Amino acid sequence: MKNRLNKLYADNRRASARKFEVVAKAADREAEVYLYDHIVSSELEAEWWGGIAPGPFVKAIRDLDVDTIHLRINSPGGSVFAARAMEQTLREHGAKVIVHIDGIAASAATFIAMAGEEVIMAKGAMFMIHKAWTGMWGNANDLRKEADLLDKIDGTLAETYAAKTGKDLEQIAEWMAEETWFTADEALENGFATSIAASDAKARASARANAKAWNLSAYANAPRDPCDEPEPTPKTEPANDQQFATEDHRARQQQRLSMLARLSHQ
C-alpha cells in the first residue's frame with residue numbers, strides 16, 4: 001500500500017486554498033488564526049511538501065496577547081503528533097478559543113478543533129475522523145509493533161473525541177474505523193460541533209468552495225458532490241516539479257526523498 005499521508009501532501013502541495021495567517025485585533029483583544037493548510041511534522045517537510053509545521057504555529061499562538069482566539073480551519077489533515085502539539089498550545093493559552101470550521105476539518109485537523117470551547121461549523125462544511133495511518137518497512141516483528149503503536153494512537157484520539165462529545169468509546173472507535181464524514185448538522189447532533197454558523201446562500205457556497213479546494217483522493221470515503229463535473233486529469237510532465245523546485249530543492253532532493261522511509265502517522 002502506498003504511503004497515504006505522503007499522497008495527501010503531494011496532492012495538495014500546490015492547492016490554492018493553502019494559507020496560514022494570524023490577524024491580531026489589538027483594539028478588541030482578539031485574533032483570527034487561519035489554519036488553511038495540511039499539517040506536517042517539521043519545517044523541513046513544510047519546505048518540501050508545503051503545509052504548516054508545529055513550530056511556527058506554536059510560536060504564533062504563544063505570542064498572542066489576546067482574550068479570544070478565533071481559529072478558522074480548512075484543512076485536509078496531516079501528521080498526528082504535529083497536530084497534537086498544536087492542539088496542546090491552544091489548550092494552554094489563556095484566551096478563549098473559538099473554532100470555526102470554514103470548509104473541511106479532516107483527520108488530524110479534527111482534534112485541533114477539539115481544543116475550542118466553541119466549535120462553529122459553516123453550513124456546507126465537513127468533519128472527518130478515521131484511524132491513524134503509517135508507512136514503514138521492516139520485518140514481521142517490526143510491523144506488529146507498529147500496529148500496536150497505531151492502536152495506542154487510535155485509543156488516545158478516541159478518548160479526545162469522547163471527552164468532547166460525550167459519546168462512548170465504542171461508538172467513536174466504530175466511526176474512526178469506517179472513516180466517517182459528518183455534515184455540519186451531523187457534527188452538531190453528535191457533539192463534535194457546538195453550533196452551526198448563520199449563513200445565506202453565499203456563505204454556504206463559500207464553505208463548499210473551501211472544502212472542494214482540496215484533493216482528498218488519499219481518503220477512502222471522501223464525499224463527492226454528484227452535481228460536480230469530473231475534473232480533467234492533468235497532464236503530468238517531468239518538467240513540472242523542476243519548475244516548482246528551486247535549485248536548492250533539487251540539490252537536496254535525494255535527502256528529502258529519504259524522508260519517505262521515515263515513520264509518518266495519520
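Setting aside residues up to four places away in sequence, Phe 192 contacts Met 114, Val 119, Phe 127, Ile 129, Tyr 161, Thr 165, Ile 172, Trp 175, Phe 182 and Ala 187; contact means heavy atoms within 4.5 Å. The model is predicted, so local features need pLDDT of at least 70 and side-chain atom pairs count only at pLDDT 80 or more, while totals for chains, interfaces and linings use all residues. Residues are numbered from 1 along each chain as its sequence is written, and side-chain values use heavy atoms, with hydrogens and water left out.

Phe 192 and Phe 127 are the members that touch the most others in the largest nonpolar core, which has 51 residues. Such a core is a set of buried Ala, Val, Leu, Ile, Met, Phe, Trp, Tyr and Cys residues joined through side-chain atoms within 4.5 Å. Buried stands for under 20% relative accessible area, exposed for over 50%, and partly exposed for what lies in between, with a 1.4 Å probe and protein chains only. Helix H6 (residues 140-165) supplies the largest share of this core, 6 residues. A separate core of 20 residues includes Ala 17, Trp 181, Ala 211 and Ala 218. In soluble globular proteins, nonpolar side chains tend to be buried together.

For the chain as a whole, 47% of the 266 residues are buried. The chain has 12 helices and 8 strands; these are DSSP runs numbered from the N terminus, helices being H or I of at least four residues and strands E of at least two. Of the contacts between residues at least 6 apart in sequence, 73% join residues at least 24 apart.

The helix pairs come next. Two packed helices are described by the angle between their axes and the distance between the axes. Here the axes are lines fitted to C-alpha atoms, for helices over the stretch in contact, and the angles run from 0 to 180 degrees between N-to-C directions. H6 packs against helix H7 (residues 169-177) at an angle of about 120°, the axes being 9 Å apart. The two helices are therefore oblique to each other, given that angles under 35 degrees count as roughly parallel, over 145 as roughly antiparallel, 65 to 115 as roughly perpendicular and the rest as oblique. The H6 and H7 crossing is right-handed; a crossing is left-handed if the near helix is turned anticlockwise from the far one by less than a right angle, and right-handed if clockwise. On the H6 side the contact involves Asp 154, Leu 157, Ala 158, Glu 159, Tyr 161, Ala 162 and Thr 165, and on the H7 side Leu 169, Ile 172 and Met 176. Sorted by class, these are 7 nonpolar, 1 polar and 2 charged residues, where Ala, Val, Leu, Ile, Met, Phe, Trp, Tyr, Cys and Pro count as nonpolar, Asp, Glu, Lys and Arg as charged, and the others, Gly among them, as polar.

H6 also meets H4. Their axes come within 13 Å and cross at roughly 30°, and this crossing is left-handed. Val 80, Phe 81, Arg 84, Glu 87 and Arg 91 of H4 face Ile 153, Thr 156, Leu 157 and Thr 160 of H6. This contact has 4 nonpolar, 2 polar and 3 charged residues.

H4 (residues 80-92) is also paired with helix H3 (residues 54-62), their axes coming within 9 Å and crossing at roughly 5°. H3 is therefore roughly parallel to H4. From H3, the contact takes in Pro 54, Phe 57, Val 58, Ile 61 and Arg 62, and from H4, Ala 82, Ala 85, Met 86, Thr 89, Leu 90 and Glu 92. The classes here are 8 nonpolar, 1 polar and 2 charged.

Some single residues remain. Ala 109 is in helix H5 and is buried, at 0% relative accessibility. Outside its sequence neighbours up to four places away, Ala 109 touches Ile 39, Ile 73, Ser 75 and Gly 77. Ile 73 is 36 residues from Ala 109 along the chain, and their C-alpha atoms are 7.6 Å apart.

Glu 118 is in strand E5 (residues 118-121) and is partly exposed, at 26% relative accessibility. Beyond four places in sequence, Glu 118 contacts Lys 96, Val 97, Ile 98, Val 99 and Thr 194.

Most residues other than glycine have a negative phi, and most peptide bonds are trans. Ser 107 has a positive phi of about 55°; this residue is in the loop between strand E4 (96-106) and helix H5 (108-113) and is buried, with a relative accessible area of 1%. Arg 29 has a positive phi near 55°, sits in the loop between strand E1 (19-25) and strand E2 (30-36), and is partly exposed at 32%.
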